[in-house]
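Good morning, colleagues. Please have the sequence and the structure open.

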Amino acid sequence: MQRSRISWLPFAAGWLTSHVHGQESGWQENQVNATMCWWHQLRAATLKDTVYLDGGHLSWVAGLANGSFLPPIEDNNPLGYMYMLNFSTPFNSSTNVSSILTRRSKAPDGGAANNIAPNYKDGALLANNDEFYLYGGLLRMTTAYSPPDADEVLGYMVSQYGANKESFHPGYVNNKLPEGMTRFVTYGGAVNAPSENKAWYFGGYRSDSWGPIYEYFNATYDPSQISNTLIKLDMSTQQQEVWSNKTLPRDTQSRANPSVVWVPVGAQGILVVLGGVLFPDYENSNRTSLNRAQSEQESPGFMQDIDVYDIAGDRWYTQPTIAGPPQLAMGCAVVATAQDYSSFNIYYYGGYNGLDEYSDFNDDVWILSLPSFMWMKVRSGEASHARAGHQCVTPYPDQMITIGGRTSYKGDSLLCLDGDNPSILQAYNLTANSWMDSYDPNSWNEYGVPEMIHMMIGGDFSGGATMTTPTPSGWATAGLAKVFASAYPTTKLSTFYPYSTMGAANGTQSDSQGSGGGGGGGTPSWVGPVLGVVLGLVFITAVVVGVLLYRRRRLLKKNAGSEPSTDENGTRIISWMRGQQPSDGKTITTEDTRTPYDELDSRGPTPMRSPGFSEMKEVPEMPDTPLVELMDTSPSPKYELVGDPGVKSKGFIPTDTKHSPYGSNPHTPHSVSTPTTQSIFAGNASHNYASSISSQPATINPAERPDSPPLGTTNIPNSINAHLNGSHNTAPANSDNINSNTNHQSIVSGLSDRDAAHLRQPSDAPTVSSTATAGSTAPGIASSASPPTFTFSPLSPPSQTSPPLPVSPPTGDADWHEASDYMSVQPRQGSSQGAGVGSPLRRSVFREAEDDLGERERERDEERT
């Protein structure tokens, strides 16, 4: 790996005499790239998945087109850039850090910051997860502009929280400190507690007058006096932040550059202060300690006696430890918590003694384990890898990243932090206690207590510490023991890992402003797979729904193009009963839901229609379009049964169905109107009697409803009666014994075998013969073992001058009124209508509505009276 070594003397001459040239103020002639050399005394804060870095001494090495490098130059950040490192960005020791950091100017429109947002060294970024404020630090003396006021602080709102705020936009805001507070403090220890929305700045140094302080100017403006203060920023309510200042108690010593961490112990957590020094060599313009002896006497105690602040109780405690590190300042510290919260391990890395900038810096890693308050050095480092003035953050529970810092001034050359040993960014595994070659956001694990630690305090990698009190000293006070006995409500804690991989960004630094829209944009690594699965399921669902809709559409089109099925047989029977031409009225069709029965086997009473028989619905047809079937298309006269007991006649006669009790009644909702299909029959056939059918059409007034006339007693025309009497032993037409045992054979003309079967029961496959079946009990009468037999012969038409005869109700017993229709009447005992006493009687499939029958009966009774 490349290691840039710069001659100390040329660099020192340029750096100490002038800072007028810098990377942010413009690239050098023939410059092709820029590399960070060191970044000393910067301030940092982690907000969710992004680290914000501001201020400090940032020096650059310019690479020229001929392959040479210029000495490091610090430009003092004239444009007021703030840099951001997103935890989703991987890096290694050879990564050009300036290429993976994004930046945002604190100056309006990216111009010169001047006194709006000058570049501070040291100080703090006091933050929660949504905003931060820049506090304290040192400025460089300049006559180009006046510095900000003593009570002026700059804040940055990354995102809003709490109550919704209209017109909220991320950006910088100016704020004022309360009376009695000043920003003229530096070299303190900053700590943030996002779960409590609080931040603190511990101790530090100030000027003698509490007035302006500048870096390395003169004694009047040197921060050479200790600041015994604890500055607190309460950010519980956004845009209503509360600043407060408390003086430290006498037993709690202020110092320069300690490391302060927040630990989840007690009701609101505790602050633990590690290290720091008194009278450091960098606190004055002479760059030497003002009281080295006192510093060497008191400063080591800051690692031996640990100051603890209980936030909820607002009280300081001091707990002794043993075998700790020497005095150190400008190091960094992070907290790693056991998975079961049985121990809290504070890692302290780097720094130096604060008195000798030309001596070796510290590269060791130490752990202070709580609540045992035992120190353990877990890794011994090398002076060439050491640094001071850096920051540390924890992207994952088991990892730490060090940012910036600088090496010692020892020797005649200065090692830039741009190579393998060390680099500006360095990753450390907290569980394995080893430096990592690279940082990969997809490689992480839960924190495991290091073996060296859990062997000392008990338990294992996941926790289970058995040493829960300071050893060997025990608790310094009962109050501190009580604080550690109280568990912190972990529901307040928030995590934002894991992070997705954005990919390494190795390149050169450009002069344009990078993206930096506030808060970073790391996306968790699980989002990709989950999103892929969800989108896949959505796609599959869409395909299935599309197929179903397509099939449904095809079925709808198919059903829409098909004609509804009708009961053709039923239509024929109705036409046969009416014997008339279809009218122009609405057509009523019915759906036949009857159970089909074989003509040979079904000899009992005809099954009743099921209760679910659908109503006949009226379907309009084209007007004035007569429908015809088969041979005869002319309108035929209408015939009905004639069987009034008083008339002693039988058969079919032409009739007007208007007044027939078996005709259609327009006043009855369930009446059957004229069918639309003309019957192929030349006439109508009786169920029990021979019939005479005319082939001549009857004259019907189309304007008059062809209904039956009122019932009455009328003789059958002689022509019809004579024909009936001449058929196979039929009884005379004028016989008084209507129930004679004489059997009749049906004489029907113009009918096919199939159509004749419909006279009995509509069927798809009736069996009819043209002659009497041998062995039948009576011609024309069906027995239980053989099909019905019909003989067909042509008949002469009835006399055209014969008046229409009224139709009598079917003959039968006195209980004929109980029958549902005229084809369902049971004959009297011994009638020739049946095959015998034991023969099962058929019942018609046609049924008149009971309301119609009742109305017809009343009309008949009125006529008789």
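Which side chain meets D54 in a salt bridge at 2.7 Å, N to O? It is the side chain of K106. By salt bridge I mean a side-chain nitrogen of Lys or Arg within 4 Å of a carboxyl oxygen of Asp or Glu.

Before going further, a word on conventions. This is a predicted model, in which local features need pLDDT of at least 70 and side-chain atom pairs count only at pLDDT 80 or more, while totals for chains, interfaces and linings use all residues. Residues are numbered from 1 along each chain as its sequence is written, and side-chain values use heavy atoms, with hydrogens and water left out.

Let me return to D54. K106 lies in the loop between β9 (102-105) and β10 (124-127), and D54 in strand β4, so this contact ties together parts that are 52 residues apart in sequence. Strands here are DSSP runs of E with at least two residues, numbered from the N terminus. K106 is buried, as is D54; buried denotes under 20% relative accessible area, exposed over 50%, and partly exposed in between, with a 1.4 Å probe and protein chains only.

D54 also forms a salt bridge with R43, at 3.0 Å from N to O. R43 belongs to strand β3 (residues 43-47) and D54 to strand β4 (residues 50-54), so the pair connects parts that are 11 residues apart in sequence. R43 and D54 are both buried. Through shared partners, salt bridges join R43, D54 and K106 into one network.

The count of salt bridges comes to 14. Another of them is formed by the side chains of D314 and K246, at 2.2 Å from N to O. D314 sits in the loop between β22 (305-310) and β23 (315-320), and K246 in strand β19 (residues 242-247), 68 residues apart. Both ends have intermediate accessibility: D314 is partly exposed at 36%, and K246 is partly exposed at 41%.

I turn now to the disulfides. How many does a search of the whole structure find? There are 2, a disulfide being a pair of cysteine sulfur atoms within 2.5 Å.

One joins C37 to C416, with an S to S distance of 1.8 Å. The angle about its S-S bond is -80°, and the link is left-handed. C37 lies in strand β2 (residues 31-40) and C416 in the loop between β30 (413-415) and β31 (425-429), so the bond ties together parts that are 379 residues apart in sequence. C37 is buried at 0% relative accessible area, and C416 is buried at 1%.

The other disulfide joins C332 to C392, S to S 1.7 Å. This pair links distant parts of the chain, with C332 in strand β24 (residues 332-337) and C392 in strand β28 (residues 388-393), 60 residues apart. C332 is buried at 4%, and C392 also counts as buried, at 12%. With the bonded cysteines numbered in sequence order, the pairing reads 1-4, 2-3.

Finally, a hairpin. Strands β26 (residues 365-370) and β27 (residues 374-379) run antiparallel and are joined by 5 bridges; two strands pair if DSSP finds at least two bridges between them. Within this pairing, I367 has M376 in β27 as its bridge partner. The turn between β26 and β27 has 3 residues, and F373 there has a positive phi of about 50°.

Thank you for your attention.

Key:
Helices (H or I, at least four residues) and strands (E, at least two) are DSSP runs, numbered from the N terminus.
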